[in-house]
Structures are given as structure tokens and as C-alpha cells.
Amino acid sequence: MPQLKFMTLARHIIEGEKLHPEATGELSKLLHDLSLAAKVISLEVNKAGLADILGFTGNSNIHGDQVKKLDMYAHDMIFRAIDHGGHLCVMASEEEEDIIHIPDKFKIGKYVLLFDPLDGSSNIDANISIGTIFSIYRRITSDGKPGTLEDCLQQGIKQVAAGYIVYGSSTILVYTAGHGVHGFTLDPSFGEFILSHENIRCPKKGTIYSINEGNYKYWHPGLKKYIKYLQEEDEATGRPYSTRYIGSMVADIHRNLLYGGIFMYPADSRHPEGKLRLMYECNPMAFIVEAAGGKAINGEKRILEIQPDSLHQKTPIFIGSEDDIKMVEDYMRKEEKVLN
Ligand code: FDP
């Protein structure tokens with residue numbers, strides 16, 4: 001086995017910063033603060049079965065999903081780790097309806113943070129992998145003043161960094177700040193994220209597909225044909241593909257990023273916009289997967305080029321290995337879009 005470099009996340013971020021002589025260090029500090037929140041959330045996720053943290057708060061978030069205590073814990077933890085750093089002008093979280101202002105007593109910075117504190121939260125009680133996703137933009141309104149909704153509603157292509165943390169058999173943080181995609185595994189004994197996956201590249205083609213097939217009846221006819229194609233036998237193209245669907249987007253995409261394959265949450269006749277959120281889930285994951293050589297589309301166009309018009313808007317998504325995304329795009333283009 002090749003000897004891995006002993007590289008902590010903190011050192012990696014600083015090395016990345018050196019590639020930009022004009023950098024002020026603010027982005028590095030922001031990433032560092034996020035990694036601190038991730039460590040604390042990871043600890044709490046691991047305790048979930050023991051503490052009085054399981055169960056519902058009794059509230060619903062703005063999408064009508066039941067909010068579990070751990071979601072709110074993760075949301076608060078990220079806010080508290082970041083609010084005072086002076087790097088941000090505004091934040092937005094999947095758990096809050098409106099933008100989140102930086103408290104008056106703290107300095108206003110030039111970055112914008114959007115985050116999904118705990119993705120896949122319906123899996124918490126079953127000990128299944130869940131994750132945190134974040135997305136960072138540079139503000140577009142004038143410096144020094146509080147950030148606005150306009151700062152948050154930027155196309156995904158404008159992200160300066162994005163990342164996710166999977167709380168699974170171990171905790172891994174994967175991020176990109178424009179110089180490749182790198183994964184760091186948390187060593188719980190001394191509480192540091194250590195480089196374990198340097199320069200992740202998404203295989204050009206995979207043999208895994210991930211989709212909630214229970215919704216088959218409601219899909220686009222082209223998608224139905226594509227799934228049937230994946231299930232046919234053909235050694236040369238690696239078919240039949242294997243189905244792998246955890247039901248936790250961040251974990252499903254992480255696996256496919258490493259092994260190759262396609263993750264889909266399409267539109268269907270009951271959910272014409274799909275289920276997943278553009279700003280908190282799809283844009284950051286698309287930014288990471290594209291930086292690793294993969295692709296992400298909504299069926300018709302690149303996810304990163306969608307112009308958002310609201311914070312919590314949803315989008316269909318097809319994301320993963322380049323050849324697999326091209327194939328599903330072809331199938332869907334050939335058939336008329338009739339959802340029933
Ligand atoms: P969850 O509802 O558990 O939070 O974003 C929501 C999400 O999980 C994704 O992580 C996951 O991929 C998807 O929903 C699962 O939805 P289905 O149950 O409809 O398959």
C-alpha cells in the first residue's frame with residue numbers, strides 16, 4: 001500500500017492558499033471553522049443512539065419535513081462556529097426559511113455560506129450514513145454592509161469552494177477550493193482530519209446506479225428506458241449495473257464519486273421539480289463532482305448554470321460519471337417528456 005502523506009486539513013488549506021498570493025486568508029479560516037463544526041457534529045452523531053437526541057423536535061421545517069433534534073443541533077453548531085469569524089456577510093441554511101444575518105456585534109466579511117446541516121436525516125434513527133453539505137460564494141453586493149438575498153442567489157458556477165462531510169463508518173470531509181477534490185478522514189483519537197483521498201477523480205464510467213425506483217411509475221419515459229437499458233446484460237458495457245441507494249444523497253454521491261456511477265433524483269409527475277434543493281444540495285455536490293471530472297445536469301442543462309430564483313428551490317438532478325450522465329441525457333432527449 002502506498003504511504004500516505006501525513007497532511008492535516010489545516011495544513012492542506014494553508015498550502016492551497018499559498019497558490020494565491022493575493023489571498024487574505026479569510027477563505028482558509030472559514031474552511032477551518034467549518035471543519036471544527038464538522039468535528040463537533042460528528043461527535044454528536046456518534047452519540048445519537050445514546051443521548052436523548054433521537055426523536056423529533058415536534059416541528060417541521062419549511063418543506064414540511066419533520067425536523068429531528070440532530071438537524072437543529074448541526075444547524076446551530078455551524079452557525080456558532082462561523083458567525084463571529086468576520087469572513088461572512090450572510091448565510092442560508094436548509095433549516096431556515098430566510099437568509100441568516102451575521103449578528104451586529106461581529107465584523108462583516110466578503111463570503112457567503114449556504115449549508116445543509118444534516119442531509120439524509122430520515123436515516124438518523126437507523127444508524128445509516130448522513131452528512132453535512134456546504135457551499136461558499138464571494139459576495140456580489142458592496143463590501144462592509146450586511147449581505148442580501150442577492151448574494152445567496154448566485155449560479156453554482158460562481159462557487160469558490162464547496163464540500164461535504166459524511167458521518168459514516170468513519171467521518172470524511174471532502175472539499176474543493178479550485179485545486180482538485182480532496183478527502184480527509186477524521187482520526188477520532190486526536191481529533192484531526194487527515195488527508196486520506198488526495199485528488200479524487202470520478203471514474204469516467206461506472207457500473208452503479210442510484211435512484212428511488214419506487215417512483216418508477218411517475219418518471220419521464222426516457223428515464224424508464226434508460227433504467228431498463230442499465231438492467232440488460234452486456235459484458236462489454238458492464239451491464240447489468242448494480243443498484244445502490246442509501247437514500248442519503250451525500251453518502252450515495254460520495255460512493256459513486258469514488259467507485260463511478262450515476263445518482264439520480266429526477267422530476268416525476270408528483271414532484272415536477274424533483275425533491276432535492278438546488279442551493280444546499282445540488283450546487284455544492286455538482287461543483288465537487290465536476291471538479292473531480294464528473295458531470296451534473298437537471299436533465300436538460302448543467303446544474304451549475306441554473307439561475308436560482310429562490311433560496312429553497314428544488315431541481316431534478318443526474319450526477320456522477322461523465323459517460324453515464326451523457327447516456328441518460330441522450331435517452332431523455334429522445335423521448336417526449338410525459339409524466340404520468
Ligand atoms: P432526507 O429526506 O432523509 O433528508 O435531501 C433529502 C434526502 O434525504 C436526500 O438526502 C436523499 O437522497 C433523498 O432525500 C431521499 O429521498 P427519497 O426517500 O424520496 O428517496
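Visitor: How are helix H6 (residues 249-259) and helix H7 (residues 278-291) oriented as they pack?
Guide: Their axes are 12 Å apart and the angle is about 10°, with axes being lines fitted to C-alpha atoms over the stretch in contact and angles running from 0 to 180 degrees between N-to-C directions. Angles under 35 degrees count as roughly parallel, over 145 as roughly antiparallel, 65 to 115 as roughly perpendicular and the rest as oblique. H6 and H7 are therefore roughly parallel.

Visitor: Good to know! What kind of model is this?
Guide: Residues are numbered from 1 along each chain as its sequence is written, and side-chain values use heavy atoms, leaving out hydrogens and water. Local features need pLDDT of at least 70 and side-chain atom pairs pLDDT 80 or more, while totals for chains, interfaces and linings use all residues, since the model is predicted.

Visitor: Which residues of H7 take part in the contact with H6?
Guide: Helices here are DSSP runs (H or I, at least four residues), numbered from the N terminus, and contact means heavy atoms within 4.5 Å. From H6 come Met 249, Val 250, Ile 253 and Leu 257. Their partners in H7 are Glu 281, Cys 282, Met 285, Ile 288 and Val 289.

Visitor: What is the orientation of H2 to H3?
Guide: Helix H2 (residues 26-47) and helix H3 (residues 69-82) have axes 9 Å apart and an angle of about 150°. That makes H2, relative to H3, roughly antiparallel.

Visitor: How many nonpolar residues are in the contact of H2 with H3?
Guide: H2 brings residues including Leu 30, Ala 37 and Ile 41, and H3 brings residues including Leu 70, Met 77 and Ile 82. The contact has two charged residues and no polar ones, and the nonpolar residues number 13.

Visitor: And how do H5 and H8 sit?
Guide: The axes of helix H5 (residues 221-231) and helix H8 (residues 322-334) come within 7 Å and cross at roughly 135°. That makes H5, relative to H8, oblique.

Visitor: Now the ligand, please: which residues are the closest?
Guide: Happy to show you! The ligand is surrounded by 15 residues, each with a heavy atom within 4 Å of it. The closest are Ser 122, Asn 212, Tyr 245, Tyr 265 and Glu 281.

Visitor: How far is the polar side-chain atom of Tyr 245 from an oxygen atom of the ligand?
Guide: For Asn 212, a polar side-chain atom lies 2.8 Å from a ligand oxygen. An N or O atom in the side chain of Lys 275 is 2.9 Å from an oxygen atom of the ligand. For Tyr 245, the distance is 2.5 Å.

Definitions and conventions: Helix = DSSP H or I, 4+ residues; strand = E, 2+ residues; numbered from the N terminus. Nonpolar A, V, L, I, M, F, W, Y, C, P; charged D, E, K, R; others polar. Polar contact = N/O pair within 3.5 Å; in protein donor to acceptor, adjacent residues only side chain to side chain.
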